[in-house]
Amino acid sequence: MANPKKNDYFNGNKGKLWINGEEVVTVGKSKVVRKIKYEEHPAPTGDGIVRVKVGETIEFSGTFKFLGTESLDAFNESDDISLIVATTNISGNVTKRLKLDGVTFDEEVLVDFEKNKVTEIELSGQAERHEWLQEK
C-alpha cells in the first residue's frame with residue numbers, strides 16, 4: 001500500500017466485545033494474544049539450544065465500566081463461554097472480528113472501590129480455540 005492515509009490505520013478507539021452473544025456496552029479495552037509454548041533441547045550439533053513448538057495458548061483480557069445492571073454470568077463454570085472481539089480502523093472501512101470459544105476466566109472482581117472513580121471490571125482468561133469471523 002503506497003502512501004497510507006491517517007484513517008487507514010487502527011488506533012484502538014473503535015472496538016466491541018460480546019460475551020455469550022450479549023454486547024458489553026462500556027468496554028474500555030480488550031486484548032487477545034496467542035502465546036506459543038516451546039520446549040528447549042540441546043542442538044544436535046552440540047552448539048546452543050533449539051526451541052521446539054509444543055503448543056499455544058489464547059489469552060484474553062478486557063476492561064469495562066460497570067453499570068451494575070449487566071447480566072453477564074461469565075463465571076458460571078458449567079457454561080461454554082464464547083467471546084467475540086471486534087476492532088475497526090479509523091475510517092470504518094476495515095473490521096476484524098475474532099471469536100473465542102471455551103473461555104475460562106482466571107478471576108472475578110466482586111467489589112472494586114475508588115473514591116470519585118467509575119468502577120471498572122477487568123476480565124482475564126484463556127480460550128480453547130479461536131476463529132476469525134471477519135478480516136476485511
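Helices (H or I, at least four residues) and strands (E, at least two) are DSSP runs, numbered from the N terminus. This is a predicted model, in which local features need pLDDT of at least 70 and side-chain atom pairs count only at pLDDT 80 or more, while totals for chains, interfaces and linings use all residues. Residues are numbered from 1 along each chain as its sequence is written, and side-chain values use heavy atoms, with hydrogens and water left out.

**Exercise 1. Describe the chain as a whole.**

Step 1. Count the elements: the chain has zero helices and eight strands. Read along the sequence, the pattern is β-β-β-β-β-β-β-β.

Step 2. Look at burial. A residue is buried under 20% relative accessible area, exposed over 50% and partly exposed in between (1.4 Å probe, protein chains only). Of the 136 residues in the chain, 22% count as buried.

Step 3. Look at contacts, meaning heavy atoms within 4.5 Å. Among those between residues at least 6 apart in sequence, 64% join residues at least 24 apart.

**Exercise 2. Locate the aromatic pair and place its two rings.**

Step 1. Apply the rule: rings of Phe, Tyr and Trp (its six-membered ring) pair if their centres lie within 6.5 Å; planes under 30 degrees apart count as stacked, over 60 as edge-to-face and the rest as tilted. The count comes to one aromatic pair.

Step 2. Read its geometry. Phe60 and Phe105 are edge-to-face, with 6.4 Å centre to centre and 70 degrees between the planes.

Step 3. Phe60 lies in strand S4 and Phe105 in strand S6, so the pair ties together parts that are 45 residues apart in sequence.

Step 4. Check burial. Phe60 counts as buried because its relative accessibility is 3%; Phe105 is also buried, at 13%.

Step 5. List other contacts. Not counting residues up to four places away in sequence, Phe60 touches several residues, including Leu17, Val32, Leu83, Leu100 and Leu123.

**Exercise 3. Where do Asn20 and Asn116 lie, and is each exposed or partly exposed?**

Step 1. Start with the background: most residues other than glycine have a negative phi.

Step 2. Take Asn20. Its phi is positive, near 50 degrees. Asn20 is in the loop between S1 and strand S2 (22–24), and counts as partly exposed because its relative accessibility is 38%.

Step 3. Take Asn116. Its phi is also positive, near 65 degrees. Asn116 is in the loop between S6 and S7, and counts as exposed because its relative accessibility is 75%.
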